[in-house]
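Me: I am new to this structure and would like to learn how to read it. Could we go through it one feature at a time?

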Amino acid sequence: MITLLHISDIHFGPPYYPEVGTALIEFAHETGPDVIVASGDFTQRAKEEQFRAVRAFLDRLPEVPRVVTPGNHDVPLYRVGERLMDPYRYYRQYISNELDTVTTVPGAVIVALNSTAPYRAVTNGRIHSWQLEFARKAFEGTSPEDQRILVAHHHFAPPPDFEGADAMPKAKRAIDAFTRMRVDLILGGHLHRAYIGNSLDVYSGVDREHGIVIAQSGTSTSRRGRAREREKNTFNVVRLDARIIRVTHYMYFAPAGGFVPTSRHIFFRGGRPSMTPEEAEEGAFYFDHERERVRGADA
Ligand SMILES: [Fe+2]
């Protein structure tokens, strides 16, 4: 079992809520995740002092493997010269020198792709075909038991209930590629509200035999929440084992003094239980930890 804390859009600068940030750090230490994923938009305006504050924040989190990826707010928007000449200068200096990364932890391979496009689609994002190839190579040879997790700031699938949240260009091409790579889980941000679902909900794609669980995190620490998470702060805790992916959505409530769980989502990896002849014989098509049978005992 792997426990993954997924935060996003912390937006250091004027929108950042210090008391919520402190609650998040306390939660992280209490929970003790195996890995922390922060899916971009660390700052509001990519200023050096904002990145310096982010660095101090990240240093207060538990010392476990971390996966980071830049967001569109981590490259300068208005400082056009800087955006064109050296858009990742402070991100590289304070967060990570590498923009596309592979992190291996026991039980999972996590690939983070830089979806920002500072020269073209400034806020919209983009994934290039060479990045898909980078991910394919990274997942090549991963054992079938190990989870294949993909992280990017921008979303590949619009949440079904939020207007105006167009996915990045060529998102369907990317979902098809990730389906062929047998990616289990996509983690992202950008929307400033959670969306937890399955790729097949929004795009039937190349192979209906394999759905990818999608978990977008809201803004974990800023006042920039949107839609149903307007003025709210959220993150997700993901627990993964060989068969099941569980995503628990947490929200900050000041009267509770911190983050509390608001919903829980349980998926079979790939959108269905594994179906070897032996397992079919056992009738083992159930969420084993919860003992929630999805087929009768006589299956
Ligand atoms: Fe953001």
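Me: How many helices and strands does the chain have?

Reply: This is a predicted model. The chain has eight helices and 14 strands.

Me: What radius of gyration does the chain have, and what would a compact globule have?

Reply: The idea is to set the value beside what a compact globule of that length would give. For 299 residues that would be near 19 Å, and the chain has 19 Å, which agrees. Taken along the principal axes, the box filled by the C-alpha atoms is roughly 65 × 45 × 35 Å.

Me: What share of the residues is buried?

Reply: Burial is read from how many other C-beta atoms lie within 10 Å of a residue's own, and 20 or more makes it buried. Buried residues are 44% of the 299 in this chain.

Me: Of the contacts between residues at least 6 apart in sequence, what percentage joins residues at least 24 apart?

Reply: In this chain the figure is 72%.

Me: How do I read a helix, and which residues of H5 are buried?

Reply: An α-helix has 3.6 residues a turn, so residues three or four places apart point the same way. In H5, which covers residues 129-139, Ala-135, Ala-138 and Phe-139 are buried. Seen down the helix axis, the buried residues of H5 fall within an arc of 90°, so they line one face. The exposed residues on the other side of H5 are Ser-129, Trp-130, Glu-133 and Lys-137.

Me: What covers the buried residues of H5, and what follows the helix?

Reply: The cover includes strands S4 (101-105), S5 (108-112) and S6 (147-151). After H5 comes Gly-141, with a positive phi near 85°.

Me: How many residues are in the largest nonpolar core, and which have the most contacts inside it?

Reply: It has 74 residues, and those with the most contacts inside it are Val-111, Leu-150, Val-151, Phe-178, Leu-185 and Ile-186. Take Ile-186 as the case: leaving aside neighbours within four places in sequence, Ile-186 is in contact with Leu-150, Phe-156, Phe-178, Ile-212 and Ile-214.

Me: Let us turn to single residues. Is Gly-81 buried or exposed?

Reply: Gly-81, found in helix H3 (residues 80-85), counts as exposed because it has 8 C-beta neighbours inside 10 Å.

Me: Where does Val-64 lie, and what is it in contact with?

Reply: Val-64 lies in the loop between helix H2 (48-59) and strand S3 (66-68). Val-64 has 15 other C-beta atoms within 10 Å, so it is partly exposed. Apart from neighbours within four places in sequence, its contacts are Pro-33, Asp-34, Val-35 and Ile-36. The C-alpha atoms of Val-64 and Val-35 are separated by 5.6 Å, although the two are 29 residues apart along the chain.

Me: How many residues of strand S10 are buried, and which strands are joined to it?

Reply: Six of the seven residues of S10 (residues 234-240) are buried. S1 (residues 2-7) runs antiparallel to S10, joined by five bridges, and Leu-5 has Val-237 as its partner in S10. S10 also pairs with S11 (residues 244-253) in the antiparallel sense, over seven bridges. These two strands, S10 and S11, form a hairpin with three residues between them.

Conventions: Residues numbered from 1 in each chain as written. Predicted model: local features only at pLDDT ≥ 70, side-chain atom pairs only at ≥ 80, totals over all residues. Helix = DSSP H or I, 4+ residues; strand = E, 2+ residues; numbered from the N terminus. Rg over C-alpha atoms; globule rule 2.2 N^0.38 Å. Buried ≥ 20, exposed ≤ 12 C-beta atoms within 10 Å, placed from the backbone. Contact = placed C-beta atoms within 7 Å. Arc of directions from axis to C-beta. Core = buried A, V, L, I, M, F, W, Y, C linked by C-beta atoms within 7 Å. Pairing = 2+ DSSP bridges.
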